[in-house]
Amino acid sequence: MRELKVQCDCGQKFKFDVEPVNNQMPFTVACPVCARDGTEKANLLLRAQAGAAPAPMPISPAVAAPSMAPQPALRVNPVAYAAPPPIAAASPPPIRASSPPPKASLKHDGWGQAESDFNKKGSYVVLVPAVLGGMVSAGYIPIEIPPLYIFIAIALGGLVGGYINILGRGPVWAGMIVGVVMGIGGYGALYWWMQNHNSVRKYEVSIAFVVGAAPGFGLQYLLQWLLKRRGSAES
Ligand SMILES: [Zn+2]
């Protein structure tokens with residue numbers, strides 16, 4: 001995989017990664033501004049590089065595997081617009097290893113420490129019974145479960161999930177209270193939403209759950225604030 005920079009006749013420069021096949025483009029590229037075909041220009045660059053650079057490795061069948069297939073999507077780097085990159089045919093461009101995207105910073109949720117993977121599982125323990133319960137109550141899942149059992153399942157999910165979510169980074173009782181409030185709130189909002197709609201999309205379920213869980217989040221902030229105040233009073 002190497003990076004190619006092509007300058008279009010309109011003046012626009014764009015770059016993309018390509019695994020050349022016989023020093024040719026295995027796919028077509030087009031200018032992101034004027035949509036003019038840039039494949040021939042890219043082929044010229046590839047041929048020029050092949051003339052100057054040492055012979056490329058022979059293409060083994062493994063290279064042709066689907067996982068190594070070139071991505072058809074054109075990656076246009078906006079950095080290329082600002083600084084005009086020198087298109088030097090004599091020297092091959094540095095092969096930039098594609099590094100994984102930087103890890104998103106872990107959320108603290110206001111608790112002392114970041115959520116571990118184990119803590120994150122607690123959210124699912126809260127969420128799953130609430131979503132399933134909402135679907136059963138609204139008739140989306142055609143099984144008869146007495147409402148009391150649904151309520152118990154959601155409450156248990158909230159207790160256990162809240163416990164898992166806070167374990168090791170705060171008082172578990174606070175997590176358990178918040179878990180129950182979030183689970184029941186999420187269930188209520190889902191049930192209300194599904195009752196009023198014949199079909200429900202996944203994102204609607206997510207939104208309804210977040211709205212319903214909002215009091216739980218609020219309670220979490222309140223508890224954190226109280227605990228912080230108590231902590232500073234004791235010290
Ligand atoms: Zn163009």
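Close-up 1. Asn23 lies in the loop between β2 and α1, and Asn23 has a positive phi of about 60 degrees although it is not a glycine. Asn22 is found in the loop between β2 (13-18) and α1, and its phi is positive too, at about 55 degrees, although Asn22 is not a glycine. With 9 C-beta neighbours inside 10 Å, Asn22 counts as exposed. Residues are numbered from 1 along each chain as its sequence is written. Because this is a predicted model, local features need pLDDT of at least 70 and side-chain atom pairs count only at pLDDT 80 or more, while totals for chains, interfaces and linings use all residues.

Close-up 2. Helix α1 (residues 39-52) has 14 residues and reaches 20 Å from its first C-alpha to its last, close to the 20 Å expected at 1.5 Å a residue, the expected span being 1.5 Å times one less than the number of residues. Helices (H or I, at least four residues) and strands (E, at least two) are DSSP runs, numbered from the N terminus. The buried residues of α1 are Ala42, Leu45, Leu46 and Gln49. They cover an arc of only 100 degrees around the axis, which puts them on the same side of α1; the arc is that of the directions from the helix axis to the C-beta atoms. On the other side of α1, Glu40, Leu44 and Gly51 are exposed.

**Close-up 3. Helix α3 beside helix α4.** Helix α3 (residues 117-137) packs against helix α4 (residues 147-166) at an angle of about 165 degrees, with their axes 7 Å apart; axes are lines fitted to C-alpha atoms, for helices over the stretch in contact, and angles run from 0 to 180 degrees between N-to-C directions. That angle makes α3 roughly antiparallel to α4, since angles under 35 degrees count as roughly parallel, over 145 as roughly antiparallel, 65 to 115 as roughly perpendicular and the rest as oblique.

**Close-up 4. Helix α4 beside helix α5.** Helix α4 and helix α5 (residues 172-195) pack at an angle of about 135 degrees, with their axes 7 Å apart. The two helices α4 and α5 are therefore oblique to each other.

How values were computed
Buried ≥ 20, exposed ≤ 12 C-beta atoms within 10 Å, placed from the backbone.
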